[in-house]
Amino acid sequence: MITYTESTHEVTAQQLHGFFVGWPIPPSAETHLRILRGSDFLELAVDDEAHKVVGFITATTDGVLSAYIPLLEVIPDYRGRGIGSELLRTMLTRLSYLYMVDLLCEPELQSFYSPEGMRPAVGMAIRHYGRQSGAV
Ligand SMILES: CC(C)(COP(=O)(O)OP(=O)(O)OC[C@H]1O[C@@H](n2cnc3c(N)ncnc32)[C@H](O)[C@@H]1OP(=O)(O)O)[C@@H](O)C(=O)NCCC(=O)NCCS
């Protein structure tokens with residue numbers, strides 16, 4: 001059974017494998033845990049029987065006006081079961097006290113986000129690929 005939690009208290013790095021698919025220099029599981037703990041908001045999907053995290057979403061916010069959702073991922077074996085939508089819905093509800101909630105995505109993912117009320121927008125971004133596995 002998949003359960004959802006916003007707490008990392010029970011989570012260990014060993015339960016965080018299989019994420020950052022396709023990233024050439026992915027963060028380690030330990031760094032992933034630091035990312036989760038450093039986020040203002042997070043939600044995890046956990047497979048209780050397998051004792052592992054199978055999906056996560058994070059957000060950073062100023063707590064006044066705006067928030068940004070940098071990461072959302074469901075590990076491949078668990079995709080297509082509504083887990084990503086559930087994580088997104090929960091996060092958007094939690095952030096609904098704010099004026100603006102932004103994220104960046106590829107055009108083909110817009111149809112994933114639009115049922116939750118998100119609309120296409122133009123953005124800009126910079127990436128320091130040498131730091132893809134995380135700041136020390
Ligand atoms: C995007 C992602 C989080 C979706 O998670 P998921 O648990 O498979 O999503 P759901 O099962 O809730 O899918 C909900 C709907 O979105 C659609 N959808 C899911 N992934 C999609 C994708 N990559 N592109 C387009 N549509 C997608 C599904 O077909 C489904 O539509 P339906 O309800 O009509 O069947 C997952 O595919 C993933 O982790 N991808 C790699 C990381 C990524 O791209 N993250 C987003 C960063 S912007």
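Contact here means heavy atoms within 4.5 Å. The structure is a predicted model. The ligand takes up the space of the largest pocket, and 17 residues surround the ligand.

**Ligand site**

- Of the 17 residues around the ligand, the closest are L72, G80, G82, G84 and S85.
- A backbone N or O atom of G82 is 2.7 Å from an oxygen atom of the ligand.
- For G84, a polar backbone atom lies 2.8 Å from a ligand oxygen atom.
- R81 also places a backbone N or O atom by a ligand oxygen atom, at 3.2 Å.
- The ligand taken alone exposes 880 Å², of which the protein buries 59%.
- Two or more residues of the shell around the ligand come from each of these elements: β4 (66-74), α2 (83-94) and α3 (110-113).

**Helix α1 and its cover**

- Helix α1 spans residues 29-38.
- The buried residues in α1 are A29, T31, H32, L33 and L36.
- Among the elements that cover these buried residues of α1 are β2 (41-47) and β3 (52-61).

**T8, in the loop between β1 and α1**

- T8 sits in the loop that runs between β1 (2-5) and α1 (29-38).
- The relative accessible area of T8 is 10%, and T8 counts as buried because the cut-off for that class is under 20%.
- Leaving out residues up to four places away in sequence, T8 touches L36, R37, L42 and L44.

**T60, in strand β3**

- T60 belongs to strand β3.
- With a relative accessible area of 36%, T60 is partly exposed.
- Beyond its neighbours within four places in sequence, T60 is in contact with D40, S66, A67, Y68 and P70.
- T60 and L16 are separated by 44 residues in sequence, and their C-alpha atoms are 20 Å apart in space.

- Most residues other than glycine have a negative phi.
- F20 is not a glycine, yet its phi is positive, near 60°.
- F20 is located in the loop between β1 and α1.
- F20 has a relative accessibility of 4% and therefore counts as buried.
- H51, also not a glycine, has a positive phi of about 55°.
- The loop between β2 and β3 holds H51.
- H51 has a relative accessibility of 57%, so it falls in the exposed class, which begins over 50%.

**G117, after α3**

- G117 is placed in the segment that follows α3.
- At a relative accessibility of 47%, G117 counts as partly exposed.
- In sequence, G117 and L92 are 25 residues apart.
- In space, the C-alpha atoms of G117 and L92 are 9.3 Å apart.

Conventions:
Residues are numbered from 1 along each chain as its sequence is written. This is a predicted model: local features need pLDDT of at least 70, side-chain atom pairs count only at pLDDT 80 or more; totals for chains, interfaces and linings use all residues. Side-chain values use heavy atoms; hydrogens and water are left out. Helices (H or I, at least four residues) and strands (E, at least two) are DSSP runs, numbered from the N terminus. Buried means under 20% relative accessible area, exposed over 50%, partly exposed in between (1.4 Å probe, protein chains only). A residue is near a molecule or strand if one of its heavy atoms lies within 4 Å of it. A polar contact is a pair of N or O atoms within 3.5 Å; within protein, one must be able to donate a hydrogen and the other to accept it, and residues adjacent in sequence count only if both atoms are side-chain atoms. Accessible areas come from the Shrake-Rupley method with a 1.4 Å probe; for residues, only the protein chains shown count as cover. On a 1 Å grid over the protein atoms alone, a cavity is a set of points where a 1.4 Å probe fits but cannot get out, and a pocket is an open set with protein on both sides within 12 Å along at least five of seven lines; lining residues have an atom within 4 Å of a point. A molecule sits in a cavity or pocket if more than half of its atoms lie within 2 Å of its grid points.
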